[in-house]
Amino acid sequence: MRSGRHFLQIPGPTNTPDRILRAMHRAVMDHRGPEFAELGRGLLRDLRSVFQTENHVVIYPASGTGAWEAALVNVLAPGDQVLMYETGQFATLWKNMATKLGYDPVFMQGDWRHGANAEAIGAQLTADTGHRIKAVCVVHNDTATGITSDIAAVRAAIDAAGHPALLMVDTISSLGSIDFQTDAWGVDVVVAGSQKGLMLPPGLSFNAISPKAWAACEAGGDRRSYWDWRDMAGPNESGFFPYTPATTLLYGLREALDMLAEEGLDNVFARHTRHATATRIAVEAWGLEILAANPAERSNALTAVVMPDKAGADALRGQILDSFDMSLGTGLNKVADKVFRIGHLGDFNDLMLMGTLCGVEMGLAKSGTPFAKGGVQAAMDYLAG
Ligand SMILES: *Cc1c(COP(=O)(O)O)cnc(C)c1O
């Protein structure tokens, strides 16, 4: 028995606000009936503001991985080349999926400490004079490394190379927490999920689709059925879906969109910037290193902290879970046991952040990790200043 609330400070799933939990506590309705049509139409209309787009957004009853697959199979044909950039584990997993599906990913090597290099992407595209590359796939906020890539710069590099490839971007851990401008940045396919910035439980994912991507889907694409955008288009016009939607999660999505609109997207982004800044101040005061090497690429959704030599990140996380009932994100793949990740996205405020940072600082002390005290104080000074 543990009293009080568990601190779920992994970078997704994030804390679900009570308003959203209450909105979902409701009987399922007929997904072919008039009441549903109204819900569906409203969601499909209002989702676009969160994506900052005029494009159509489709909703899948699937985790984010499903929307990755949908993005690939709707526009690529077997054997097509895709340019992908290694920003961390999520970019690696998307690349592995492309390989499994029979595409030919050109995987640009990264060091897990830097974002996608737009200049290098541009050079690769310029060299592709035969236009074999059909899409450039980038993870906006790689949740494994806490690195945010400059998507406008990637768009500019594609344009400067005069290359016709589609730009497809994973925003699963940035949508609703870090500014992402689908239309202004010319993103053809956006991939998103419900359980991070949108504050919902896991189970929904999204594609925002540009006219150019729709054309690629109509003209070609791969074998697909469940993920087929074309099957969504007709029913979506009247607020319906081609198969049973995740009705309960859609009730929650209605509430989440209302909450984001009430706060205002700019305020949501500013809040995330503030909490990320306070976190980085604490980490630096502890004398620990942030995995993202370039300050301009440090994520406002999470911070990946590098453990000092020989100290295990997983032992520290275990200590913090046992002693203070707080979950932190584990290090994945190349940085397993070397980093821990502090999620500071979603439904979050100053005191939740301070509780989180207190838990980390107490855990560092208890576990005997070499560090300097005072991170919590430095973050408090920033927040109160
Ligand atoms: C969480 C996450 C995923 C995976 O999404 P699932 O919902 O677990 O399928 C993919 N990409 C990024 C950037 C993520 O943060």
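The following legends describe close-up views of a predicted model.

View 1. The shell around the ligand is made up of 13 residues, of which S63, T65, T143, D170 and K196 come nearest. By residue class, the shell divides into seven polar, four nonpolar and two charged residues. Helix 3, spanning residues 64-75, contributes three residues to the shell, the largest share.

**View 2. Packing of helix 5 against helix 6.** Two packed helices are described by the angle between their axes and the distance between the axes. For helix 5 (residues 118-127) and helix 6 (residues 151-160), the angle is about 25° and the axes are 8 Å apart. Helix 5 is therefore roughly parallel to helix 6, since angles under 35 degrees count as roughly parallel. The crossing in which helix 5 passes helix 6 is right-handed.

**View 3. Packing of helix 12 against helix 13.** Helix 12 covers residues 350-366 and helix 13 covers residues 375-384; their axes come within 9 Å and cross at roughly 165°. Because angles over 145 degrees count as roughly antiparallel, helix 12 and helix 13 are described as roughly antiparallel to each other. Helix 12 passes helix 13 in a right-handed crossing.

**View 4. The cis peptide bond between G12 and P13.** Most residues other than glycine have a negative phi, and most peptide bonds are trans. The bond joining G12 and P13 is a cis peptide bond, with omega at about -5°. In the chain, P13 belongs to the loop between strand 1 (7-9) and helix 1 (18-24).

**View 5. The backbone at Q52.** Q52 is a residue other than glycine with a positive phi, near 50°. The loop that holds Q52 runs between helix 2 (34-51) and strand 2 (56-60).

Definitions and conventions. Residues are numbered from 1 along each chain as its sequence is written. This is a predicted model: local features need pLDDT of at least 70, side-chain atom pairs count only at pLDDT 80 or more; totals for chains, interfaces and linings use all residues. Side-chain values use heavy atoms; hydrogens and water are left out. A residue is near a molecule or strand if one of its heavy atoms lies within 4 Å of it. Helices (H or I, at least four residues) and strands (E, at least two) are DSSP runs, numbered from the N terminus. Ala, Val, Leu, Ile, Met, Phe, Trp, Tyr, Cys and Pro count as nonpolar, Asp, Glu, Lys and Arg as charged, and the others, Gly among them, as polar. Axes are lines fitted to C-alpha atoms, for helices over the stretch in contact, and angles run from 0 to 180 degrees between N-to-C directions. Angles under 35 degrees count as roughly parallel, over 145 as roughly antiparallel, 65 to 115 as roughly perpendicular and the rest as oblique. A crossing is left-handed if the near helix is turned anticlockwise from the far one by less than a right angle, and right-handed if clockwise.
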